[in-house]
Amino acid sequence: MSNLKSVRNKLSRSLEIPEDGLGSASRLQIIGNSAILCGCKRILKYKSEEIVALTKDQSIAFCGEHLKCVYFFEGTLEICGEINAVKMEKK
């Protein structure tokens with residue numbers, strides 16, 4: 001475990017907050033027909049069947065139908081539509 005990860009892990013435990021809230025880790029939350037990705041750097045591909053986003057260490061592809069970006073600001077991306085699959089690929 002790298003030194004920064006170790007510090008982040010210890011700090012997370014002592015403050016009792018999720019580790020991804022302390023650094024550059026990305027977080028993905030899917031509720032119904034909506035996906036929220038925190039830690040997004042940019043959108044690589046935008047089509048109604050597929051939206052691909054880039055995070056610090058991976059690309060995340062949202063696949064489905066009628067997909068659209070409803071919010072993208074300060075590293076937070078929100079996608080709505082019929083999400084059928086999410087594919088993650090390390091850089």
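Which residues is S34 in contact with, leaving aside its neighbours within four places in sequence? The list is Q29, E78, I79, C80 and I83. To place that list, start with the whole fold. The model is predicted.

The protein has one helix and six strands. Along the sequence they run α-β-β-β-β-β-β. Of its 91 residues, 29% are buried. The accessible surface comes to about 6200 Å². Carbon and sulfur atoms account for 51% of that surface. Now take contacts between residues at least 6 apart in sequence: 37% of them join residues at least 24 apart.

The largest nonpolar core has 11 residues. They are A35, L37, C40, I51, A53, I60, F62, L67, L77, I79 and I83. Four strands each supply at least two residues of this core: β2 (34-38), β4 (50-54), β5 (58-73) and β6 (76-90). F62 is one of the core residues. Beyond its neighbours within four places in sequence, F62 is in contact with L28, A35, E49, E50, I51, L67, I79, A85 and V86.

Back to S34. This residue is found in strand β2. S34 counts as buried because its relative accessible area is 16%, and the cut-off for buried is under 20%. The side chain of S34 makes a polar contact with the side chain of E78, at 3.2 Å.

K68 and S34 are 34 residues apart in sequence. In space, their C-alpha atoms are 9.8 Å apart. K68 is placed in strand β5. With a relative accessible area of 47%, K68 is partly exposed. Setting aside neighbours within four places in sequence, K68 is in contact with Y46, I51, E78, I79 and C80. E78, I79 and C80 are also among the contacts of S34.

Strand β5 also holds S59. Is S59 buried or exposed? S59 is buried, at a relative accessible area of 19%. Not counting residues up to four places away in sequence, S59 touches L44, V52, A53, K87, M88 and E89. A53 belongs to the largest nonpolar core.

Now the charges. Side chains of opposite charge can pair when their charged atoms come close. How many salt bridges does a search of the whole structure find? The search finds two. In one, the side chains of E50 and K45 meet at 2.7 Å, N to O. K45 is partly exposed, at 33% relative accessibility. E50 is also among the contacts of F62.

The side chains of K90 and D57 also meet in a salt bridge, at 3.9 Å, N to O. K90 lies in strand β6 and D57 in the loop between β4 and β5, so the pair ties together parts that are 33 residues apart in sequence. K90 is exposed, at 59% relative accessibility. D57 is partly exposed, at 38%.

Finish on the surface. L11, L15 and I17 form a nonpolar patch there. Together they have about 240 Å² of accessible area. Where is I17 found? I17 sits in the loop between α1 (3-15) and β1 (27-31). Its relative accessible area is 35%, so I17 is partly exposed.

Key:
Residues numbered from 1 in each chain as written. Predicted model: local features only at pLDDT ≥ 70, side-chain atom pairs only at ≥ 80, totals over all residues. Heavy atoms only, no water. Patch = residues over 30% accessible without salt bridge, like charges linked within 9 Å, V, L, I, M, F, W, Y side chains within 5 Å. Areas by Shrake-Rupley, 256 points an atom, 1.4 Å probe, with all protein chains shown as cover. Salt bridge = Lys/Arg side-chain N within 4 Å of Asp/Glu carboxyl O. Buried < 20%, exposed > 50% of the residue type's maximum accessible area, 1.4 Å probe, protein only. Core = buried A, V, L, I, M, F, W, Y, C linked by side-chain atoms within 4.5 Å. Contact = heavy atoms within 4.5 Å. Polar contact = N/O pair within 3.5 Å; in protein donor to acceptor, adjacent residues only side chain to side chain.
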